[in-house]
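Here are some notes for a colleague who is opening this entry for the first time. Please read them with the sequence and the model side by side.

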Amino acid sequence: MLQVLVMQWFFDAATEYANHNRNLGMILFSLGGLAVVYLFYHFMDGLGNCYEEIFGLSVGQHLNKLMFKRIDSLNASEFEDTSRLDTIHKSVNGSGKLIWIGVTLLDIVFYYTTYFIFMGWYLFSLKPILALSVVIVFVPVILSQLVLVSSFKHLEAASAPIRREYEYYERCLTDKEYFKETRLLGATAFFNDLYTSSIHRLNRMVFRTQLRKHLVQLTLNIVTVTGYGLIVYMLFVSVMKQEISIGAFAAVLASIGSLYRFMNKLISERIAWATENIGSTENYLDFIDEPIQDTGSMPMPAESDIELRGVSFKYPVATSNAVDRVDLIIPYKQTVALVGENGSGKTTLCRMIMGLYPPTEGEVRYGKVQASQVSYDRTSAIFQKYREYNTTLKENVRISQMQKKAEDAAISSVCEEAGVLISSEVYTEGIHTMLGREFGGTDLSGGQWQRIAIARGLFRDSDLIILDEPTAAIDPLEETRLYNDFSTICQDKTAVIVSHRLGSVKLADRIIVMKEGRIVQEGTHDELIGTEGEYQRMYESQRKWYA
Ligand SMILES: Nc1ncnc2c1ncn2[C@@H]1O[C@H](COP(=O)(O)OP(=O)(O)OP(=O)(O)O)[C@@H](O)[C@H]1O
């Protein structure tokens with residue numbers, strides 16, 4: 001704005017000089033003013049760019065934190081629903097963009113709009129009709145971009161599942177966990193084809209939307225150029241009629257160049273980018289705004305039995321129940337073992353007992369309280385598919401209860417209990433050894449990782465512990481020792497153990513046999529072994545390997 005005013009001042013001084021009315025000093029003075037304004041503009045621009053980066057990072061991390069908090073409040077069963085996974089993916093995608101939409105809006109309000117209002121006022125003060133040209137350029141831009149928003153929103157919604165798909169194939173080809181097996185199987189070409197086909201589908205979708213966008217932009221550019229020409233024509237007529245000074249004519253003509261460049265930049269970069277991404281940021285905002293469900297905040301009732309009444313669970317994409325009308329009472333401090341063939345519903349039942357999955361039918365209660373209303377504070381679990389956290393050994397263990405005092409001696413003791421042998425060859429810095437390859441730490445064998453997962457589960461103070469095939473990767477000698485320890489550990493709490501090794505579930509007070517989501521037998525090991533049925537059949541088939 002200052003540039004326009006100082007430029008007019010300069011051109012007026014030059015005209016006056018040409019008419020011999022002023023001295024050269026005024027021209028030099030106004031030129032100096034122009035230089036100051038120019039430098040000031042670039043200084044502020046540079047400063048703005050620096051702050052934009054810093055601002056982007058800090059606001060970005062705040063937005064991500066809000067999203068992490070929202071994800072943390074989701075019900076675990078929602079992660080089984082593909083459409084919910086798409087929603088989360090869309091929200092993650094939108095989080096990174098929201099900040100730049102915000103910056104664009106601020107730019108439009110404080111930078112571009114201010115500039116256009118000023119130019120409108122300036123042209124109006126020169127000659128009212130001149131101001132119309134700004135409106136001719138500005139209004140169609142806004143209107144047509146509004147039309148494009150819906151196309152990009154549609155593209156965002158339709159492309160989220162495909163993006164998730166090709167990201168998955170990308171992982172199959174490049175991820176550490178998949179790479180070796182994919183290579184060995186010779187499945188690289190297979191995943192490459194799937195990857196290419198999903199990229200092609202996405203490209204077709206993006207092409208249609210981009211084509212529409214560029215046609216609209218082409219039309220807009222024609223309108224803008226027409227507006228530009230109109231201003232030049234009106235200025236020319238005004239100066240010929242001597243309605244405006246030569247200085248004003250020159251200043252406006254020079255400024256119109258930047259007005260045009262401004263408008264072009266605004267349309268093709270800022271507004272177009274904002275239009276393309278407004279859909280994804282809306283996904284983020286919608287996700288953050290979803291009402292938070294109560295995932296359980298009540299304390300676990302003291303000394304309560306766990307009661308399952310007519311409990312069923314169906315996964316969102318499944319056609320039949322994974323757990324089907326189960327009635328079960330687990331008395332306080334009793335250890336129950338769940339056995340059964342693959343897919344019989346043991347893990348799903350455990351997740352419902354923990355309150356992680358709300359049953360689709362029936363109810364799970366701790367005493368008189370619904371399990372879904374109780375917080376997980378006093379529940380511990382050692383999962384079948386445990387996670388390998390790339391942190392130190394100590395952090396890997398204490399992560400299960402960060403608020404608990406974790407002296408090195410206590411961590412070492414729980415590690416010992418779980419069979420983690422802290423030898424100096426493997427754990428070079430003892431419990432402070434960094435684990436996993438991600439950050440250059442020590443990588444461990446499957447069994448070593450599983451022992452750490454056990455230590456993590458044992459470190460957490462609990463009234464209920466779920467051990468879902470906790471020793472699948474552990475050697476037989478250590479497994480026997482661990483099961484003996486488990487029986488001591490489980491003595492003062494309610495425990496559910498899932499295992500395929502029937503010899504090891506003898507420690508349970510009661511064994512529940514599952515088949516196709518239902519309980520088909522229950523009793524002690526001795527009772528079940530003497531009764532014809534599923535348990536006896538499984539036991540015999542395992543025994544014959546050792547006979
Ligand atoms: N995420 C899922 N979506 C749909 N169906 C699932 C999902 N997870 C498990 N199932 C189905 O639910 C049923 C029970 O699975 P669950 O994992 O509870 O069995 P399990 O007895 O623990 O099996 P395993 O001994 O192999 O661990 C199976 O038929 C399985 O196909």
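1. Two strands are taken to pair if DSSP finds at least two bridges between them, and helices (H or I, at least four residues) and strands (E, at least two) are DSSP runs, numbered from the N terminus. With that in hand, Ile 306 stands opposite Ile 330 in β2, and five bridges join this antiparallel strand to β1, residues 306-313.

2. Before going further, please note that this is a predicted model, in which local features need pLDDT of at least 70 and side-chain atom pairs count only at pLDDT 80 or more, while totals for chains, interfaces and linings use all residues. Residues are numbered from 1 along each chain as its sequence is written.

3. The sheet to which these strands belong is open and has four strands in the order β2-β1-β4-β5, with antiparallel pairing. Because β2 (323-330) and β5 (369-370) stand at the edges with a single partner strand each, one side of each is left without a neighbour in the sheet.

4. Two residues other than glycine deserve a look for their positive phi: Arg 325, near 45 degrees, is found in strand β2, whereas Lys 333, near 70 degrees, lies in the loop between β2 and β3 (335-340). A residue is called buried if 20 or more other C-beta atoms, placed from the backbone, lie within 10 Å of its own, exposed if 12 or fewer, and partly exposed in between. Arg 325, with 15 such neighbours inside 10 Å, therefore counts as partly exposed, and Lys 333 is partly exposed with 15 other C-beta atoms within 10 Å.

5. Helix α5 (residues 176-185) has zero buried residues among its 10, so it lies largely in the open. The helix is followed by Gly 186, whose phi is positive, near 70 degrees.

6. Which residues bring α10 and α11 together? Val 414, Cys 415 and Glu 417 in α10 meet Ala 455, Leu 458 and Phe 459 in α11, where contact requires that C-beta atoms, placed from the backbone, lie within 7 Å.

7. Also in helix α11 is Arg 456, which counts as buried because it has 25 C-beta neighbours inside 10 Å. Leaving aside neighbours within four places in sequence, Arg 456 is in contact with Asn 396, Val 397, Ile 399 and Ser 400. Arg 456 and Arg 398 are 58 residues apart in sequence, yet 6.5 Å apart in space, C-alpha to C-alpha.

Note on methods
Contact = placed C-beta atoms within 7 Å.
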